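Trainee: I would like to learn how to read a model of this kind. Could we go through it feature by feature?

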Amino acid sequence: MSEIINVSAIAKVEKEKIRKRIESFRSNGKATPTLATVLVGEDPGSVYYMDMQKKVLESLGGTMLKLTLTEDVSEQELLSTIGDLNNDDKVHGIMILFPLPKHIDEHKVAMKISPSKDIDGVNPMNIGLLASTSGGIAPCTPSSVVEILKDTLGELKGKHAVIIGRSNIVGKPLIQLLLREHMTVTVCHSRTRDLKEVARSGEVLISAMGRPKMITEEYVGDGAVVIDVGTSELDGKITGDCDLESVMKKASLVTKVPGGVGTLTTTILMRTLVDLYEKSES
Ligand code: NAP
């Protein structure tokens, strides 16, 4: 019998811990953890994400500064805005909503964010630290996957995880995070041969492709735990990479979309903010 993982319950417990941490700063007369989120243009998905971040952070007792720049803002102006936020002691985390307009070099923008305020781990310094040390800042989506696995399976050591997807924001940081948990990690992508067979070999299968309903029971080993990161639109509905009904014939535990990984990411982002805040205070 397959079960759907209750990710909202995991998020609820995590939120409570964050709320208590922020409360203790306040009761000790300290400043409030503050996130600055910068939106360039009016992409509806980014506007929604920004408003959701604000709602979640304020419900936890934190503060969010929303900075909205017009679509035609120059690269120099954006870099200078980030420079100001880097120098502002009242700001503990900085998030730039990607994608940016074509005339702005996203790599330069990521490099400009101070590594100590880089809440979603996009600065190459943090990417390198994540890969080569026990430090660095990981993006919130792969961190959420790890949180779900730990909550669901407890000990991850020695288990075999197969990740489908090797993007900078999900697949690659997830490799590092799972290695830290001492898992055996296999990574697949669009050129992987015998994908179904490789995928079936995982005790844990994580799909981060953005290919709606591509993962069926043929990709799932008996009793595997399946985490679906994919978020695509199909026939006007948000749809994951998994064909849930089919996957549930083989998997022991699965996440659904919507209501899965995405339910936890904003909470994990806020946990990172509080971690950065504590480091800045120490
Ligand atoms: P991406 O940059 O497009 O990367 C997709 C990855 O999947 C690539 O590595 C690609 O391989 C691989 N892939 C695509 N089609 C494949 C196929 N048929 N067989 C095997 N591998 C295939 O996407 P992303 O930014 O990582 O996002 C992945 C998905 O996660 C998207 O649906 C996105 O919306 C979702 N997402 C969700 C959250 C959340 O909070 N839930 C957050 C971030 C992203 P190649 O490298 O060979 O091209």
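Trainee: How many bridges join S7 to S8, and do the two strands run parallel or antiparallel?

Mentor: Keep in mind that this is a predicted model. In general, strands of a sheet pair through backbone hydrogen bonds, either parallel or antiparallel. Here S7 and S8 run parallel and are joined by four bridges.

Trainee: Which strand order does the open sheet of six strands have?

Mentor: The order is S1-S11-S8-S7-S5-S6, and the pairing is parallel. Strand S1 (3-4) and strand S6 (184-188) each have a single partner strand, so they form the edges and one side of each has no neighbour in the sheet. Strand S5 (residues 160-164) is joined to strand S7 (residues 204-207) by four bridges, again running parallel. Within that pairing, Ile164 has Ser207 as its bridge partner, and Ile163 stands opposite Ile206.

Trainee: Which helices pack on this sheet, and which strands do they touch?

Mentor: Helix H6 (residues 140-153) is one of them; it touches S7, strand S8 (225-228) and strand S11 (253-254), and its direction makes about 155° with that of S8. Helix H7 (residues 171-180) touches S5, S6 and S7, and its direction makes about 170° with that of S5.

Trainee: Which way do the residues of S7 point, and are they buried or exposed?

Mentor: The general idea is that in a regular strand the side chains alternate between the two faces of the sheet. In S7, Val204 and Ile206 point one way, Leu205 and Ser207 point the other way, and all are buried.

Trainee: What is Ile206 in contact with, beyond its neighbours within four places in sequence?

Mentor: Its contacts are Val145, Leu149, Val162, Ile163, Ile164, Leu174, Leu178, Ile227 and Val229. The relative accessibility of Ile206 is 0%, so it counts as buried. The C-alpha atom of Ile206 is 9.9 Å from that of Thr255, a residue 49 places away along the chain.

Trainee: How many residues does the largest nonpolar core have, and which have the most contacts inside it?

Mentor: That core has 49 residues, and the ones with the most contacts inside it are Leu149, Leu178, Ile206 and Ile227. Helix H10 (residues 262-281) gives the most to it, with eight residues. Both domain 1 (28-114) and domain 2 (140-262) give residues to this core, so it lies between them. A second, separate core has 18 residues, including Val73, Ile94, Ile96 and Ile104.

Trainee: At what angle do helix H5 and H7 cross, and within what distance do their axes come?

Mentor: Two packed helices are described by the angle between their axes and the distance between the axes. For helix H5 (residues 124-132) and H7, the axes come within 9 Å and cross at roughly 30°. The crossing is left-handed. From H5 the contact uses Leu129, Leu130 and Ala131, and from H7 it uses Pro173, Gln176, Leu177 and Arg180.

Trainee: What order does the open sheet of three strands have?

Mentor: Its order is S3-S2-S4, with parallel pairing. Strand S3 (63-69) and strand S4 (93-96) are the edge strands, each pairing on one side only. From one strand to the next, the twist averages 15°. Strand S2 (residues 34-40) pairs with S3 over seven bridges in the parallel sense, and Val40 has Leu69 as its bridge partner in S3. Helix H2 (residues 44-59) lies across S2, S3 and S4, at about 160° to S3.

Trainee: Which residues are joined by a cis peptide bond, and which have a positive phi?

Mentor: As background, most residues other than glycine have a negative phi, and most peptide bonds are trans. Here a cis bond joins Phe98 and Pro99, with omega about 0°, and Pro99 is in the loop between S4 and helix H4 (106-112). Another cis bond joins Val257 and Pro258, with omega about -5°; Pro258 is in the loop between S11 and H10. Asp194, which is not a glycine, has a positive phi of about 50° and is exposed, with a relative accessible area of 52%. Asp235 also has a positive phi, near 50°. Asp235 is in the loop between strand S9 (232-234) and strand S10 (237-239), and its relative accessibility is 75%, so it counts as exposed.

Note on methods: Residues numbered from 1 in each chain as written. Predicted model: local features only at pLDDT ≥ 70, side-chain atom pairs only at ≥ 80, totals over all residues. Heavy atoms only, no water. Pairing = 2+ DSSP bridges. Contact = heavy atoms within 4.5 Å. Axes fitted to C-alpha atoms, helices over the stretch in contact; angles between N-to-C directions. Core = buried A, V, L, I, M, F, W, Y, C linked by side-chain atoms within 4.5 Å. Buried < 20%, exposed > 50% of the residue type's maximum accessible area, 1.4 Å probe, protein only. Domains from an automatic or database assignment. Left-handed = near helix turned anticlockwise from the far one by under 90°.
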